[in-house]
Amino acid sequence: MKGAEQLSLQENLSLEFRRGALVLAVLTSLREEQYGYSLKKALAEAGLGIDEGTLYPLLRRLEAQGLLRSRWRVEDARPRRYYRISAAGETLARELAAEWRGLVRTMERVLR
Amino acid sequence: MTPREKADDLIARYLHEAGQSLPRGQRADVTAELRGLLEDSLEERAAAAGRPPDEELAAEVLRAFGKPGEVAERYRTGPRHLIGPELFPAYRATLKIILIVLAILFLAGIALSAVFVPERIQKHLGIITVWSWVENYAKYAFLNIALATLIFAVIEHLKFRRGAGAAAEAEVWNPRELPKIEDPDRISAAGRLVSIYFIVAFFVVFNFFPQYFGLLFFGGGEVRAISALEMGYRIPALLLNLWWFCALALNMALLRQGRWTRDLRWAEFGLGLFGGLIIYFTLAGSDFSVINAEWFAERGWERAFEAGAETQQKLSRLGRLLAIPLRIALVVAVIEAMVRLFRLLTRYRHSS
């Protein structure tokens with residue numbers, strides 16, 4: 001029982017890590033225009049597998065916060081919503097990237 | 001139905017179900033996007049399985065997406081509560097006050113019945129009467145709680161709609177502007193919300209249930225009301241409604257500002273004077289001589305005042321008694337106005 005609890009705690013904490021990193025990964029990946037499914041695949045190929053239920057609503061939220069822009073495009077006879085980073089998103093992504101690198105350096109020192 | 005059509009049908013049912021849980025404004029856009037995403041997933045899964053899309057593959061895709069309600073929930077923006085954590089303490093305080101005030105009113109009503117119609121209470125006194133009191137109390141408590149909930153929900157909704165502006169304000173928050181510990185201009189949000197509740201509640205009763213705007217009697221399993229109008233009070237309805245509207249606006253402005261300012265104190269002073277004027281008009285226009293022996297007889301209370309010379313004396317005393325609350329209210333209004341004026345002239349002297 002304790003083992004299961006430990007596992008679930010670990011899962012939750014890992015999820016927190018990934019959630020924090022996800023926004024930065026999404027913003028950076030969307031320097032090139034992509035739609036939800038292609039972005040999911042690109043992130044998975046880069047090693048950041050994320051479930052659909054988390055990724056797609058996140059795109060909407062980032063758009064509502066003005067960090068992404070979107071437009072509908074018809075491709076292969078299928079309408080798709082394409083997302084791209086906005087100017088405000090770009091500024092934030094740069095700041096977050098610097099923060100991330102600083103945090104990695106700090107954590108490396110702490111974990112040594 | 002071909003396997004492909006079955007798969008499409010399953011996706012259509014899923015989208016319809018998810019759409020039901022989405023706000024109307026978002027529904028078409030989100031479901032259109034979800035459809036594209038689901039179809040892409042389905043095709044990729046079919047390619048991996050080496051067979052054309054079918055119902056089973058569609059079910060796998062949908063399972064991976066999650067239950068329709070959960071998916072819709074993740075897309076939703078905005079609060080998912082009627083009354084948020086910020087307003088909840090005030091809401092709870094309001095409910096407590098409502099229940100206490102109602103209990104006091106009920107006990108007063110029972111006491112009035114015991115004085116004016118003791119025979120009815122004596123006749124029915126027993127478990128049924130007590131139960132009827134409890135039942136009436138529960139009914140009125142329920143109505144008032146429902147009204148309070150509605151008012152708080154509206155305030156919560158309005159608060160959310162100006163949420164974006166509030167977030168921007170939060171970014172430039174200045175700790176130096178924190179109120180002093182002993183700050184006479186600090187307002188209690190709970191207090192203001194309770195005031196708003198009572199203003200609305202009185203407004204509703206006065207305008208829509210005028211027959212209950214007065215004294216309530218509880219006895220013998222029934223509620224008997226004697227309205228202020230019946231007792232001879234002549235309240236200038238238009239002015240009183242205007243006063244309630246101004247009082248509501250003042251409380252809303254206070255909630256928005258978060259503290260008293262000089263302008264709001266002046267508004268409070270003006271409102272007090274206006275209230276005093278309404279009381280004066282009511283006092284001047286009311287005619288308590290309508291309460292005579294016939295008035296009691298019409299209500300089946302002839303026994304409360306036996307015929308005789310003493311009766312007229314008692315009735316004229318009753319008329320004077322009915323004017324007393326108004327006279328007291330007028331004196332309080334005048335004193336309050338003077339205190340407010342003094343405070344305005346001394347405290348805000350330097351801030352002009």
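Visitor: Which residue just after α2(A) takes a positive phi?

Guide: That residue is A:Gly47, with a phi of about 100 degrees. Please note that this is a predicted model.

Visitor: And which residues of helix α2 of chain A are buried?

Guide: Helix α2 covers residues 36-45 of chain A, and its buried residues are A:Gly36, A:Tyr37, A:Ser38, A:Leu39, A:Lys40 and A:Leu43.

Visitor: On to the strands. How many bridges join β2 to β3 in chain A?

Guide: Eight bridges join strand β2 (residues 68-75) to β3(A), and the two strands run antiparallel. Within this pairing, A:Arg71 has A:Tyr82 as its bridge partner in β3(A).

Visitor: What about the hairpin they form; which residue there has a positive phi?

Guide: In the hairpin of β2(A) and β3(A), A:Asp76 takes a positive phi near 50 degrees. The hairpin has two residues between its strands.

Visitor: Which strand pairs with β3(A) over two bridges?

Guide: Strand β1 (residues 34-35) of chain A does, in the antiparallel sense. There, A:Gln34 has A:Tyr83 in β3(A) as its bridge partner.

Visitor: Why is β3(A) described as largely enclosed?

Guide: Strand β3 spans residues 78-85 of chain A, and six of its eight residues are buried, so the strand is largely enclosed by the rest of the structure.

Visitor: What lies over the face of A:Tyr82?

Guide: A:Arg73 lies over that face, at 4.1 Å from the ring centre.

Visitor: Let us turn to aromatic pairs. How many are there over all chains?

Guide: The structure holds 14. In one of them, the rings of B:Phe106 and B:Tyr140 have centres 5.9 Å apart and planes at 65 degrees; because edge-to-face requires an angle over 60 degrees, this pair is edge-to-face.

Visitor: Where in chain B do those two residues sit?

Guide: B:Phe106 is in helix α5 (residues 88-116) and B:Tyr140 is in helix α7 (residues 127-161). They are 34 residues apart, so the pair links distant parts of the chain.

Visitor: Are they buried or exposed?

Guide: B:Phe106 is buried, at 5% relative accessible area, and B:Tyr140 also counts as buried, at 16%.

Visitor: What kind of pair do B:Phe198 and B:Phe202 make?

Guide: Their ring centres are 6.5 Å apart and their planes are at 35 degrees, so the pair is tilted. Both belong to helix α9 (residues 189-208) of chain B, where being four residues apart separates them by about one helical turn. B:Phe198 counts as partly exposed at 22% relative accessibility, and B:Phe202 is partly exposed at 43%.

Visitor: Which cluster includes them?

Guide: Ring pairs link B:Phe198 and B:Phe202 into a cluster with B:Tyr197, B:Phe203, B:Phe206, B:Phe213 and B:Trp244.

Terms used: Residues numbered from 1 in each chain as written. Chains lettered and ligands numbered in written order. Predicted model: local features only at pLDDT ≥ 70, side-chain atom pairs only at ≥ 80, totals over all residues. Heavy atoms only, no water. Phe/Tyr/Trp six-rings, centres within 6.5 Å; stacked < 30°, edge-to-face > 60°. Buried < 20%, exposed > 50% of the residue type's maximum accessible area, 1.4 Å probe, protein only. Lys NZ or Arg CZ within 6 Å of the ring centre and 35° of its normal. Pairing = 2+ DSSP bridges.
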